[in-house]
Amino acid sequence: MTATHVNGISVLEDQPARSGISRTGVTVFYEQIRELLLEDGQVVYGCVHCDYTNPNQHSIRPHLKVHKPKATTVTAEALPSKADPATPRPIPAKPATLPATDPLPSASTPEGAGSLADLNLGQLVERARQSDQMRSERDAARREAADWKQRAAEERLRRDGWKQRALKAETGTDWKERAVRAERKLSAVRELLQS
Ligand SMILES: [Zn+2]
(Lines give C-alpha, C1' and ligand atoms only; values in the text may rest on other atoms or scores of the structure.)
Protein backbone atom coordinates (compact mmCIF):
# COMPACT_ATOMS: atom_id res chain seq x y z
CA MET A 1 0.00 0.00 0.00
CA THR A 2 1.05 3.50 -0.65
CA ALA A 3 2.47 5.24 2.38
CA THR A 4 0.00 7.06 4.60
CA HIS A 5 2.76 8.65 6.63
CA VAL A 6 6.16 9.99 5.53
CA ASN A 7 8.67 10.44 8.39
CA GLY A 8 5.78 10.67 10.81
CA ILE A 9 3.88 13.24 8.69
CA SER A 10 0.46 12.26 7.53
CA VAL A 11 -0.40 12.09 3.85
CA LEU A 12 -3.30 14.42 3.18
CA GLU A 13 -3.79 13.67 -0.48
CA ASP A 14 -2.93 10.67 -2.62
CA GLN A 15 -3.31 11.01 -6.35
CA PRO A 16 -1.71 9.74 -9.53
CA ALA A 17 1.49 11.57 -10.45
CA ARG A 18 1.46 13.44 -13.68
CA SER A 19 4.05 12.41 -16.17
CA GLY A 20 6.31 14.93 -17.91
CA ILE A 21 5.17 13.76 -21.32
CA SER A 22 1.84 15.37 -20.91
CA ARG A 23 0.95 17.14 -24.09
CA THR A 24 -1.21 20.21 -24.47
CA GLY A 25 -4.68 19.47 -23.32
CA VAL A 26 -3.85 15.90 -22.41
CA THR A 27 -2.60 14.96 -18.98
CA VAL A 28 -0.85 11.61 -18.71
CA PHE A 29 -0.68 10.09 -15.25
CA TYR A 30 1.63 7.40 -14.01
CA GLU A 31 -0.09 4.23 -13.02
CA GLN A 32 2.40 3.15 -10.36
CA ILE A 33 3.64 6.50 -9.08
CA ARG A 34 1.55 8.45 -6.63
CA GLU A 35 1.86 12.15 -5.78
CA LEU A 36 1.45 12.58 -2.07
CA LEU A 37 0.59 15.84 -0.38
CA LEU A 38 1.82 15.75 3.19
CA GLU A 39 0.29 17.42 6.15
CA ASP A 40 3.15 19.95 6.31
CA GLY A 41 2.65 20.95 2.67
CA GLN A 42 5.47 18.87 1.22
CA VAL A 43 4.86 16.95 -1.98
CA VAL A 44 6.58 13.62 -2.28
CA TYR A 45 6.19 10.76 -4.65
CA GLY A 46 5.31 7.32 -3.55
CA CYS A 47 5.09 3.83 -4.86
CA VAL A 48 1.61 2.50 -5.53
CA HIS A 49 2.65 -0.92 -4.30
CA CYS A 50 4.39 -0.09 -1.04
CA ASP A 51 5.21 2.74 1.38
CA TYR A 52 8.38 3.76 -0.48
CA THR A 53 8.47 7.50 -0.96
CA ASN A 54 10.98 9.88 -2.48
CA PRO A 55 10.91 13.64 -3.05
CA ASN A 56 12.31 13.02 -6.49
CA GLN A 57 9.70 11.68 -8.88
CA HIS A 58 12.39 10.15 -11.03
CA SER A 59 13.57 8.02 -8.15
CA ILE A 60 10.29 6.10 -8.01
CA ARG A 61 10.60 4.53 -11.43
CA PRO A 62 13.82 2.62 -10.59
CA HIS A 63 12.16 1.44 -7.37
CA LEU A 64 9.29 -0.08 -9.27
CA LYS A 65 11.65 -2.81 -10.49
CA VAL A 66 11.35 -4.55 -7.13
CA HIS A 67 7.66 -5.04 -7.77
CA LYS A 68 8.15 -6.52 -11.19
CA PRO A 69 6.89 -9.98 -11.18
CA LYS A 70 9.95 -12.24 -11.16
CA ALA A 71 10.61 -13.89 -14.42
CA THR A 72 9.25 -17.30 -13.77
CA THR A 73 11.98 -19.52 -15.01
CA VAL A 74 10.22 -22.66 -15.99
CA THR A 75 12.62 -25.43 -15.26
CA ALA A 76 12.28 -29.12 -15.58
CA GLU A 77 12.32 -29.40 -11.81
CA ALA A 78 9.46 -26.92 -11.48
CA LEU A 79 7.25 -28.88 -13.81
CA PRO A 80 4.83 -31.25 -12.20
CA SER A 81 6.67 -34.50 -12.12
CA LYS A 82 5.16 -36.93 -14.53
CA ALA A 83 6.01 -40.57 -14.61
CA ASP A 84 8.95 -40.99 -16.91
CA PRO A 85 8.07 -43.81 -19.31
CA ALA A 86 11.74 -44.65 -19.66
CA THR A 87 12.06 -45.19 -15.95
CA PRO A 88 11.11 -48.73 -15.08
CA ARG A 89 8.38 -48.85 -12.52
CA PRO A 90 9.25 -50.63 -9.34
CA ILE A 91 8.11 -54.23 -9.55
CA PRO A 92 6.77 -55.68 -6.33
CA ALA A 93 8.94 -58.43 -5.08
CA LYS A 94 7.70 -61.87 -6.00
CA PRO A 95 6.55 -63.98 -3.10
CA ALA A 96 8.91 -66.79 -2.40
CA THR A 97 7.85 -69.74 -4.53
CA LEU A 98 6.69 -72.62 -2.45
CA PRO A 99 8.20 -76.03 -3.17
CA ALA A 100 6.07 -77.88 -5.71
CA THR A 101 6.03 -81.06 -3.70
CA ASP A 102 6.67 -82.00 -0.15
CA PRO A 103 10.05 -83.46 0.50
CA LEU A 104 10.16 -87.17 -0.09
CA PRO A 105 9.93 -89.34 3.00
CA SER A 106 13.29 -90.08 4.47
CA ALA A 107 15.08 -93.22 3.37
CA SER A 108 14.75 -94.59 6.89
CA THR A 109 10.96 -94.76 6.48
CA PRO A 110 10.12 -98.42 5.98
CA GLU A 111 8.42 -99.10 2.65
CA GLY A 112 4.66 -99.17 2.97
CA ALA A 113 4.77 -98.23 6.62
CA GLY A 114 3.10 -94.85 6.05
CA SER A 115 -0.60 -94.72 5.47
CA LEU A 116 -1.96 -93.32 2.20
CA ALA A 117 -2.87 -90.15 4.07
CA ASP A 118 0.82 -89.52 4.62
CA LEU A 119 1.52 -89.54 0.88
CA ASN A 120 1.29 -86.43 -1.22
CA LEU A 121 -0.40 -86.38 -4.61
CA GLY A 122 2.79 -87.03 -6.56
CA GLN A 123 3.61 -90.04 -4.45
CA LEU A 124 0.06 -91.38 -4.81
CA VAL A 125 0.27 -91.03 -8.57
CA GLU A 126 3.63 -92.76 -8.59
CA ARG A 127 2.30 -95.57 -6.44
CA ALA A 128 -0.77 -95.96 -8.67
CA ARG A 129 1.51 -96.02 -11.71
CA GLN A 130 3.66 -98.69 -10.12
CA SER A 131 0.63 -100.77 -9.16
CA ASP A 132 -0.72 -100.44 -12.71
CA GLN A 133 2.63 -101.55 -14.06
CA MET A 134 2.75 -104.49 -11.66
CA ARG A 135 -0.82 -105.45 -12.55
CA SER A 136 -0.08 -105.42 -16.28
CA GLU A 137 3.07 -107.45 -15.68
CA ARG A 138 1.08 -109.91 -13.62
CA ASP A 139 -1.60 -110.16 -16.33
CA ALA A 140 1.06 -110.75 -18.97
CA ALA A 141 2.55 -113.50 -16.83
CA ARG A 142 -0.89 -115.03 -16.37
CA ARG A 143 -1.53 -114.95 -20.13
CA GLU A 144 1.82 -116.56 -20.75
CA ALA A 145 1.11 -119.22 -18.16
CA ALA A 146 -2.29 -119.85 -19.74
CA ASP A 147 -0.60 -120.22 -23.12
CA TRP A 148 1.80 -122.74 -21.71
CA LYS A 149 -1.08 -124.60 -20.05
CA GLN A 150 -3.00 -124.63 -23.31
CA ARG A 151 0.02 -125.85 -25.23
CA ALA A 152 0.65 -128.52 -22.62
CA ALA A 153 -2.96 -129.68 -22.86
CA GLU A 154 -2.73 -129.88 -26.64
CA GLU A 155 0.51 -131.79 -26.34
CA ARG A 156 -1.11 -134.18 -23.94
CA LEU A 157 -4.02 -134.68 -26.34
CA ARG A 158 -1.59 -135.37 -29.16
CA ARG A 159 0.23 -137.87 -27.00
CA ASP A 160 -3.09 -139.44 -26.00
CA GLY A 161 -4.01 -139.71 -29.66
CA TRP A 162 -0.81 -141.50 -30.46
CA LYS A 163 -1.27 -143.65 -27.40
CA GLN A 164 -4.77 -144.60 -28.41
CA ARG A 165 -3.67 -145.40 -31.93
CA ALA A 166 -0.79 -147.40 -30.59
CA LEU A 167 -3.13 -149.17 -28.18
CA LYS A 168 -5.55 -149.97 -31.02
CA ALA A 169 -2.72 -151.43 -33.03
CA GLU A 170 -1.62 -153.47 -30.06
CA THR A 171 -5.12 -154.85 -29.48
CA GLY A 172 -5.30 -155.82 -33.16
CA THR A 173 -8.68 -154.31 -33.86
CA ASP A 174 -7.87 -154.17 -37.53
CA TRP A 175 -6.95 -157.81 -37.52
CA LYS A 176 -10.15 -158.75 -35.83
CA GLU A 177 -12.24 -156.90 -38.34
CA ARG A 178 -10.26 -158.44 -41.15
CA ALA A 179 -10.77 -161.84 -39.60
CA VAL A 180 -14.50 -161.27 -39.24
CA ARG A 181 -14.71 -160.16 -42.84
CA ALA A 182 -12.70 -163.14 -43.93
CA GLU A 183 -14.91 -165.40 -41.91
CA ARG A 184 -17.98 -164.01 -43.56
CA LYS A 185 -16.44 -164.51 -46.99
CA LEU A 186 -15.58 -168.03 -46.04
CA SER A 187 -19.10 -168.66 -44.84
CA ALA A 188 -20.47 -167.31 -48.07
CA VAL A 189 -18.18 -169.63 -50.04
CA ARG A 190 -19.30 -172.61 -47.91
CA GLU A 191 -22.93 -171.73 -48.51
CA LEU A 192 -22.30 -171.62 -52.27
CA LEU A 193 -20.56 -174.98 -52.15
CA GLN A 194 -23.33 -176.54 -50.12
CA SER A 195 -26.14 -175.37 -52.35
ZN1 LIG B 1 7.30 0.09 -3.95
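**Figure 1. Four side chains hold the zinc ion.** The zinc ion is coordinated by Cys47 (SG), Cys50 (SG), His63 (NE2) and His67 (NE2), at 1.8 to 2.2 Å. Donors here are N, O and S atoms within 2.8 Å of the metal (3.2 Å for Na, K and Ca); water is not among the atoms, so sites may look incomplete. This is a predicted model: local features need pLDDT of at least 70, side-chain atom pairs count only at pLDDT 80 or more, and totals for chains, interfaces and linings use all residues. Residues are numbered from 1 along each chain as its sequence is written, and side-chain values use heavy atoms, with hydrogens and water left out.

Along the chain, the donors of the zinc ion have the spacing C-x2-C-x12-H-x3-H. The arrangement is tetrahedral because the 4 donor atoms subtend angles of 101 to 119 degrees around the zinc ion. Four donors count as tetrahedral if all angles lie between 85 and 135 degrees; four count as square planar and six as octahedral if opposite donors are over 155 degrees apart and all others between 65 and 115; anything else is irregular. Ideal angles are 109.5 degrees for four tetrahedral donors.

Cysteine 47 is buried, at 0% relative accessibility. Cysteine 50 is buried too, with a relative accessible area of 18%. Buried means under 20% relative accessible area, exposed over 50%, and partly exposed in between (1.4 Å probe, protein chains only).

**Figure 2. The 5 strands form an open sheet in the order 1-2-3-4-5.** The pairing is antiparallel. Two strands pair if DSSP finds at least two bridges between them. Strand 1 (5-6) and strand 5 (53-54) stand at the edges. Each has a single partner strand, so one side of each is left without a neighbour in the sheet. Strands (E, at least two residues) and helices (H or I, at least four) are DSSP runs, numbered from the N terminus.

**Figure 3. Strand 4 pairs with strand 3 and with strand 5.** Strand 3 and strand 4 are antiparallel and share 5 bridges. Leucine 36 stands opposite valine 44 in strand 4. These two strands form a hairpin with 4 residues between them. In that turn, glycine 41 has a positive phi of about 95 degrees.

Strand 4 (residues 43-47) also runs antiparallel to strand 5, joined by 2 bridges. Glycine 46 faces threonine 53 in strand 5. Tyrosine 45 has asparagine 54 as its bridge partner in strand 5. Strand 4 and strand 5 form a hairpin with 5 residues between them. Of the 5 residues of strand 4, 4 are buried, so this strand is largely enclosed by the rest of the structure.

**Figure 4. A salt bridge joins arginine 34 and aspartate 14.** The N to O distance is 2.6 Å. Arginine 34 lies in strand 3 (residues 29-38) and aspartate 14 in strand 2 (residues 9-18), so the pair ties together parts that are 20 residues apart in sequence. A salt bridge is a side-chain nitrogen of Lys or Arg within 4 Å of a carboxyl oxygen of Asp or Glu. Arginine 34 counts as buried, at 19% relative accessibility. Aspartate 14 is partly exposed, at 37%. A search of the whole structure finds 5 salt bridges.

Figure 5. Aspartate 132 meets arginine 135 at 3.1 Å, N to O. Aspartate 132 is partly exposed, with a relative accessible area of 45%. Arginine 135 is also partly exposed, at 41%.

Glutamate 155 forms a salt bridge with arginine 158, and their closest N and O atoms are 2.7 Å apart. Glutamate 155 is partly exposed, at 34% relative accessible area. Arginine 158 is partly exposed, at 47%.

Figure 6. From the N terminus on, the elements run β-β-β-β-β-α-α-α. Buried residues make up 14% of the 195 residues. The protein exposes about 17200 Å², and carbon and sulfur atoms supply 57% of it. Accessible areas come from the Shrake-Rupley method with a 1.4 Å probe; for residues, only the protein chains shown count as cover.
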